[in-house]
Amino acid sequence: MQMKTLAASSRPPFLLLTLSSVLLGYAAARLTVDGIEAGMLLLVLAGALAAHASVNLLNEYFDFRSGLDLQTLRTPFSGGSGALPADPGSATAVLALGFGTLAVCIVIGLYLAWTAGPGILLVGIPGVLLVVAYTQWLTRRPWLCLAAPGLAFGPLMVAGTAFVLTGEYSTAAFMVSLVPFFLASNLLLLNQYPDVEADRTVGRRHLLIVHGARAGAAVYILFLLAAFVVPVLGVTTGHLPQGALAGLLCLGIAVPLAGGVWRYAGRGVALQRMLAPNVVLSLLMPVLVALGMLL
């Protein structure tokens, strides 16, 4: 039972987001180098997955301890995994695994700093701080809570991957990292709608609690528009190849999604129908941009 709880608390389906960000970093690296060492790429992926699993595990533990998990309206995309409420005796093990996966991430990061260069610490140190601070601190600061997921899966993960593989930070890597920056922030923002009242009871102060459902919808649409502007701007300025425009294929998902979020903001079950296409968009668009850049 405990192994099942540990696995569920890491939220494996959401780890796909890490794969899409690392793929985008790899595509950015290929703009400047032809030969990529597979071992280094696998190390980057392992470190990124460990960091993502760690923040998920710590979030599960602290949300269980605060009592939040017992109040949330759980959906397939929000409200936690439900593993600890079903198996409370595994709470200490989840906490230990959360810090254990963080330790794995740090060890990999230090090795990469030694082999690829200390410049990786510019993204590694903030990444570790985000993992540790997210649930207990950042969720009480609206704009930091909004930006934190985007920073993690955008500039930190994408630019960090490209740095390890090329030995430098590039304008192209930073620019393309803004795609998952806006999408990942939107992913967490939309997933907060079903939990607003429960979050309020444990002292959280994210954007929806402080500024309301309609303001959250406006920010969501603005971020969504920005995610599509990024590849267009990158191509027109010459920083990204034309293949990056493959991400625009996701407009077929984004346009009705934006309309639905604006129409149903704060309307419970109706808005929950927007969660699934939002997850698909957050995963698919970075992959299409990456494949377009590679091909």
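Student: Before the fold, how are helices and strands defined here?
Tutor: They are DSSP runs: helices are H or I with at least four residues, strands are E with at least two, and numbering starts from the N terminus.

Student: What kind of model is it, and what are the ground rules?
Tutor: It is a predicted model: local features need pLDDT of at least 70, side-chain atom pairs count only at pLDDT 80 or more, and totals for chains, interfaces and linings use all residues. Residues are numbered from 1 along each chain as its sequence is written, and side-chain values use heavy atoms, with hydrogens and water left out.

Student: How does the radius of gyration sit against a compact globule?
Tutor: The chain has 19 Å, which agrees with the value near 19 Å for a compact globule of 295 residues. The radius is taken over C-alpha atoms, and the rule is 2.2 Å times the number of residues to the power 0.38. Along the principal axes, the C-alpha atoms fill a box of roughly 50 × 45 × 30 Å.

Student: What share is buried?
Tutor: Buried residues are 53% of the 295 in the chain. Buried means under 20% relative accessible area, exposed over 50%, and partly exposed in between, with a 1.4 Å probe and protein chains only.

Student: And which residues touch the most others in the largest nonpolar core?
Tutor: Val176, Leu190, Leu224, Leu240, Leu281, Met285 and Met293, out of 77 residues in that core. A nonpolar core is a set of buried Ala, Val, Leu, Ile, Met, Phe, Trp, Tyr and Cys residues joined through side-chain atoms within 4.5 Å.

Student: Take Leu281. What does it touch?
Tutor: Beyond four places in sequence, Leu281 touches Leu183, Leu224, Phe228, Cys250, Ile253, Ala254, Leu257 and Pro286. Contact means heavy atoms within 4.5 Å.

Student: At what angle do H12 and H14 cross?
Tutor: Roughly 145 degrees, with the axes of H12 (residues 251–264) and H14 (residues 275–294) coming within 10 Å. Axes are lines fitted to C-alpha atoms, for helices over the stretch in contact, and angles run from 0 to 180 degrees between N-to-C directions.

Student: Which residues make that contact?
Tutor: Ile253, Ala254 and Leu257 come from H12; Pro277, Asn278, Val280, Leu281 and Leu284 come from H14.

Student: New topic. Where is Arg205, and is it buried or partly exposed?
Tutor: Arg205 is in the loop between H9 (196–201) and H10 (207–211). It counts as partly exposed because its relative accessibility is 42%.

Student: What does Arg205 touch?
Tutor: Leaving out residues up to four places away, Arg205 touches Thr139, Arg140, Arg141, Pro142 and Val210.

Student: What about Arg11: which loop, and what phi?
Tutor: Arg11 is in the loop between H1 (2–9) and H2 (16–29). Its phi is positive, about 55 degrees, although Arg11 is not a glycine. Arg11 is buried, at 16% relative accessible area.

Student: Last one. Where is Thr161, and what does it touch?
Tutor: Thr161 is in H7 (residues 142–166). At 1% relative accessibility, Thr161 counts as buried. Not counting residues up to four places away, Thr161 touches Val22, Gly25, Tyr26, Leu41 and Val44.
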